[in-house]
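Please report on the fold of this chain.

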Amino acid sequence: MITLTVEGADFGYGEGAPVLSGVTVAARPGELLAVTGTSGAGKTTLLNAMAGLLPPRDGEVAVDGAVLSGRDQAVKLGVVLIPQDNGLAAILTAAENISVAVIATGGSPADARRRTAEALESLGLSGQANQLIDELSGGQQQRTAIARGLALQGAVLLADEVTSELDAANRQRVLELLRAEASRGVAVVLATHDPEAAAVCDRELHLVDGAATWARP
């Protein structure tokens with residue numbers, strides 16, 4: 001069980017103005033942390049930074065005190081990102097997208113088969129395992145990306161707007177799965193614009209005008 005911390009960090013792109021300034025937050029094992037805000041408030045920016053994809057201009061992002069140097073290190077430390085755009089390979093099936101990721105992070109082929117089957121079943125996608133990504137609906141693609149994130153069995157799970165394409169029943173299913181991940185000691189961060197999804201989380205960090213403030217500390 002590990003904690004991911006952001007300390008006094010500023011984030012931005014290129015030479016532009018910072019998107020977020022002075023952010024301090026800890027994602028703690030066993031809890032669901034909601035990151036909320038309007039479109040463009042910086043939710044994806046913060047999760048990308050937590051995932052090691054965006055270095056801070058000032059301050060630091062660390063996992064159990066080890067400052068993140070990039071995405072490769074974050075992966076080795078067990079930081080899993082479910083991106084907003086799903087990040088699935090269109091030329092692969094749903095099952096292949098998951099299995100490839102499990103093997104790439106050190107899982108054996110047998111592990112990959114088992115974890116892929118379990119993850120797809122948990123998202124109600126067993127019947128779509130051998131379908132190409134392009135053959136799936138937007139909601140099915142989103143659930144496949146979530147299944148891949150769960151199958152990686154990380155210590156930190158960063159979920160970026162993972163319920164945006166889902167109907168009410170599947171949204172509830174996903175929120176229950178995220179809670180189950182927290183229950184096994186994972187630090188779960190959910191970026192969402194959905195107040196109902198945020199309400200089931202333990203704490204809520206709200207982003208507005210480039211700053212992070214606690215709606216529920």
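## Strands 9 and 10

Strand 9 and strand 10 pair in the antiparallel sense, over five bridges. Strands count as paired if DSSP finds at least two bridges between them. Within this pair, Glu204 stands opposite Arg216 of strand 10. The two strands form a hairpin with two residues between them. Asp209, in the turn, has a positive phi of about 50°.

This is a predicted model: local features need pLDDT of at least 70, side-chain atom pairs count only at pLDDT 80 or more, and totals for chains, interfaces and linings use all residues. Residues are numbered from 1 along each chain as its sequence is written, and side-chain values use heavy atoms, with hydrogens and water left out. Helices (H or I, at least four residues) and strands (E, at least two) are DSSP runs, numbered from the N terminus.

Six strands form an open, mixed sheet in the order 6-7-8-3-9-10. Its edges are strand 6 (79–82) and strand 10 (211–216), each pairing on one side only. On average, neighbouring strands are turned by 20° against each other, direction ignored. Angles run from 0 to 180 degrees between N-to-C directions, and axes are lines fitted to C-alpha atoms, for helices over the stretch in contact.

Strand 7 (residues 156–160) and strand 8 (residues 187–191) run parallel, joined by five bridges. Val156 has Ala187 of strand 8 as its bridge partner. Strand 3 and strand 9 also pair in the parallel sense, over four bridges. Here Val35 is bridged to Leu205 of strand 9.

## Helices on the sheet

Helix 1 (residues 43–50) lies across strand 3 (32–36), strand 6, strand 7, strand 8 and strand 9 (203–208). Helix 1 runs at about 155° to strand 7. Helix 6 (residues 168–183) packs on the sheet and touches strand 3, strand 7 and strand 8. The direction of helix 6 makes about 150° with that of strand 8. Contact means heavy atoms within 4.5 Å.

Helix 1 is mostly covered, with seven of its eight residues buried. These are Lys43, Thr45, Leu46, Leu47, Asn48, Ala49 and Met50. Buried means under 20% relative accessible area, exposed over 50%, and partly exposed in between (1.4 Å probe, protein chains only). Just after helix 1, Gly52 takes a positive phi of about 85°.

## Helix 3 against helix 5

How do the axes of helix 3 and helix 5 cross? The axes of helix 3 (residues 94–104) and helix 5 (residues 138–151) come within 9 Å and cross at roughly 25°. That makes helix 3 roughly parallel to helix 5. Angles under 35 degrees count as roughly parallel, over 145 as roughly antiparallel, 65 to 115 as roughly perpendicular and the rest as oblique.

Helix 3 makes the contact through Ala94, Asn97, Ile98, Ala101 and Val102. Helix 5 contributes Thr144, Ala147, Arg148 and Ala151.

Thr93 sits in the loop between strand 6 and helix 3. At 12% relative accessibility, Thr93 counts as buried. Leaving aside neighbours within four places in sequence, Thr93 is in contact with Ala129, Asn130, Gln131, Leu132 and Ile133.

Gln141 lies in helix 5. Not counting residues up to four places away in sequence, Gln141 touches Asn86, Leu88, Ile133, Asp134 and Leu136. Gln141 and Val67 are 74 residues apart in sequence and 33 Å apart in space, C-alpha to C-alpha.
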